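Me: I would like a close look at a single part of this model. Please give a connected account, residue by residue where that helps.

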Amino acid sequence: MNGLNRLWRSPVEAVLFLVLALMVVGSLTIYSASSVLGQQEHGSSLYFVSRYWLFGALGLTAVLLSLAIGGIGWRKLVWPTAAASFVTLAMVPSMGIAAK
């Protein structure tokens, strides 16, 4: 654990660094795999990479919001969230598309 303390001030910083490093590697992989398709079908070779970073930023925002709410705040949201989940689950048969 001493090595962690020398590089980062907290485990949160270590996790954020690792997530960003994986995002960079992922964006290089996505670019190398889809740049031609993005150029042909969407007019930009960075189309898929930009979408990747857009949704990565949305995910990071959700994580930071979750950290700001904290555990006690999430306890207040348990029952409303569970009720909304059951309501939307009950709507699936009426709104879903049946396979022929």
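With which residue does Arg9 form a salt bridge, and how far apart are the closest N and O atoms?

Reply: The structure is a predicted model, and the values below are computed from it. Arg9 forms a salt bridge with Glu13, and the closest N and O atoms of the two are 3.1 Å apart. The pair falls within the 4 Å limit used for a salt bridge between a side-chain nitrogen and a carboxyl oxygen. The count of salt bridges by this rule is one. Side chains of opposite charge can pair when their charged atoms come close. As to solvent exposure, Arg9 counts as exposed because its relative accessibility is 76%, over the 50% limit. Glu13 has a relative accessible area of 26%, so it is partly exposed.

Helix H2 covers 11–42 and helix H3 covers 47–76. Their axes are 5 Å apart, and the two helices pack at an angle of about 145 degrees. On the H2 side, the contact is made by Leu16, Leu22, Met23, Val24, Gly26, Ser27, Ile30, Tyr31, Ser34, Leu37, Gly38 and His42. On the H3 side, the residues are Tyr47, Phe48, Val49, Tyr52, Trp53, Gly56 and Leu60. By class, the residues of this contact comprise 13 nonpolar, six polar and no charged.

Ser34, one of the H2 residues in that contact, is buried because its relative accessible area is 11%, under the 20% limit. Ser34 and Val49 are 15 residues apart in sequence, yet their C-alpha atoms are 8.5 Å apart in space.

Ser35 is also found in helix H2. With a relative accessibility of 17%, Ser35 counts as buried. If neighbours within four places in sequence are left aside, Ser35 is in contact with Ile30 and Ser45. Leu46 is placed in the loop between helix H2 and helix H3. Leu46 counts as partly exposed, since its relative accessibility is 46%.

H2 and H3 are the elements that give two or more residues to the patch, and H3 gives the most, with four residues.

Notes
Residues numbered from 1 in each chain as written. Predicted model: local features only at pLDDT ≥ 70, side-chain atom pairs only at ≥ 80, totals over all residues. Heavy atoms only, no water. Buried < 20%, exposed > 50% of the residue type's maximum accessible area, 1.4 Å probe, protein only. Contact = heavy atoms within 4.5 Å. Axes fitted to C-alpha atoms, helices over the stretch in contact; angles between N-to-C directions. Nonpolar A, V, L, I, M, F, W, Y, C, P; charged D, E, K, R; others polar.
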